[in-house]
Amino acid sequence: MMITTAMTILLLIFGISFGVMWLVNKSNESVQTKITQETKNTSTSAVEENKSKERNEETTLKNQDQSIKDLMATMTIEEKVGQLFLARIPIDGQIESIQDNHLGGYLLFGRDVESETPDSLKAKIASYQAASKLPLFIASDEEGGGVTRLSGGNNLVSEAFKSPMDVYQESGLSGIRTDIQKKAEILRSYGIQGGLFPDADVATDPEAFIYDRTLGLDAEKTSEYVETSVKELKKQKVVSTLKHFPGYGDNRDSHIEIVYDNRGLDTLRQIDFLPFKSGILAGADSIMVSHNIVTSIDDTVPASISKPIHEVLRNELGFQGVIMTDDMDMAGLADFISQEEAGLAALIAGNDLILSSSFQSQIPYVIQGIEQGSYTEEALNQSVYRVLKMKSDVGLLK
């Protein structure tokens, strides 16, 4: 009897244990099923969210594209040609020049800001915008260090813009981002949409003309700097401009003389092109082309008016944004071709935007070139579209 009772108790205990184990397993299975389902739901939700975001971005781009095309359909040839000129602000007739030439924008130089207070500079730029039928792209060279217009005194900035080399040496790429954030806020406050930076040149010789404007480091570090700068400028809604394609290197100063760059194409591809590629992949808005004669690509004319140079930029590097010239007054170009002819030559080569002090004579020459067939309306429309899209991307076109 006792044995039977013991067996009964053992079976009872076993049964209870088995039941508990079964309940625990079922509970675990339920929890695991719930977790799996929640994970699936989260994953599905993330996928749907990404798809929705992509659809919204696609819709936005389509709307932007149609808006630009609709605007272009209302523009005359003269208005379209004017959009391709980022003009140096004339001493006299500043408002009339905007209206008579339908200018795409104004480029500030030292003389344009040296006598201004913060309030008067804002008012002056606002008056330019008010006079223009289409919003102007206002730009100012603000690389920092030795190349800055706003930092020339007069309390237009509380602290002078440091060179990227100094910023990087002090605090690396995080410092570059912070510097751009501060700079962008100042530029926006004045109504300036472009600072014409970052400098994508690779120069390691301290004696080189361009050295102090670069990071002073190799192509890899320069590429990281350019990528960081472009991404931050995009966040800040300020136009990025990579310069000076196809890479200045350790060459002489084309501001004062015609410069020949005799480096081989392989060298350019392995070193100088790399920061430009990084900037393009990061979404650069524009690229400035130098006036150096780069013999390995085109030994006949300065890069700014060379079709082969622009074909490399478009076809090999895949850049689809705005290509602009360096200042057309620089000796590297001005000693090579007349200013009247230079604007048309630059557009035929593949530029979209001309940095010009001689726009009064260059614009009629371009219009004449269209009439005579040396510069096609198709090419004109492609460039106007790129310029208007760049303006739209930073909020100038509503």
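Predicted model: local features only at pLDDT ≥ 70, side-chain atom pairs only at ≥ 80, totals over all residues.
Asp-65 and Lys-69 are 4 residues apart in helix 1, so about one helical turn separates them.

A further pair in helix 1 (residues 2-73) consists of Lys-62 and Glu-58, which are also 4 residues apart and therefore separated by about one helical turn. Their salt bridge has a closest N to O distance of 3.4 Å. Lys-62 is exposed, with 53% relative accessibility, whereas Glu-58 is partly exposed at 44%.

Arg-269 and Glu-316 form a salt bridge through their side chains, with an N to O distance of 2.9 Å. This pair connects distant parts of the chain, as Arg-269 belongs to helix 8 (residues 265-281) and Glu-316 to helix 9 (residues 307-316), 47 residues apart. Arg-269 is partly exposed at 35% relative accessibility, and Glu-316 is partly exposed at 35%.

Salt bridges with shared partners also join Asp-141, Glu-143, Arg-149, Arg-213 and Lys-243 into one network. In total, the structure contains 19 salt bridges.

Asp-201 lies in the loop between helix 6 (164-190) and helix 7 (219-235). The residue is buried but takes part in no salt bridge. Its nearest side chain of opposite charge is that of Arg-213, 6.5 Å away, a separation outside the 4 Å limit for a salt bridge.

The side chain of Asp-201 instead has polar partners: the side chain of His-244, in a polar contact of 2.7 Å, and the backbone nitrogen of Tyr-248, reached at 2.7 Å. Beyond four places away in sequence, the residues touched by Asp-201 include Ile-210, Thr-214, Thr-222, Lys-243 and Gly-247.

## Strand 8 and its neighbours

Lys-243, one of the contacts of Asp-201, has Met-288 in strand 8 as its bridge partner. Strand 6 (residues 241-245) and strand 8 run parallel and are joined by 4 bridges. Strand 8 also runs parallel to strand 10 (residues 322-325), again with 4 bridges, and Met-288 stands opposite Met-324 there.

In a regular strand, side chains alternate between the two faces of the sheet. Within strand 8 (residues 286-289), Ser-286 and Met-288 point one way, while Ile-287 and Val-289 point the other way. All of these residues are buried.

Conventions. Residues numbered from 1 in each chain as written. Heavy atoms only, no water. Buried < 20%, exposed > 50% of the residue type's maximum accessible area, 1.4 Å probe, protein only. Helix = DSSP H or I, 4+ residues; strand = E, 2+ residues; numbered from the N terminus. Pairing = 2+ DSSP bridges. Lys, Arg positive; Asp, Glu negative; His and termini not counted. Polar contact = N/O pair within 3.5 Å; in protein donor to acceptor, adjacent residues only side chain to side chain. Contact = heavy atoms within 4.5 Å.
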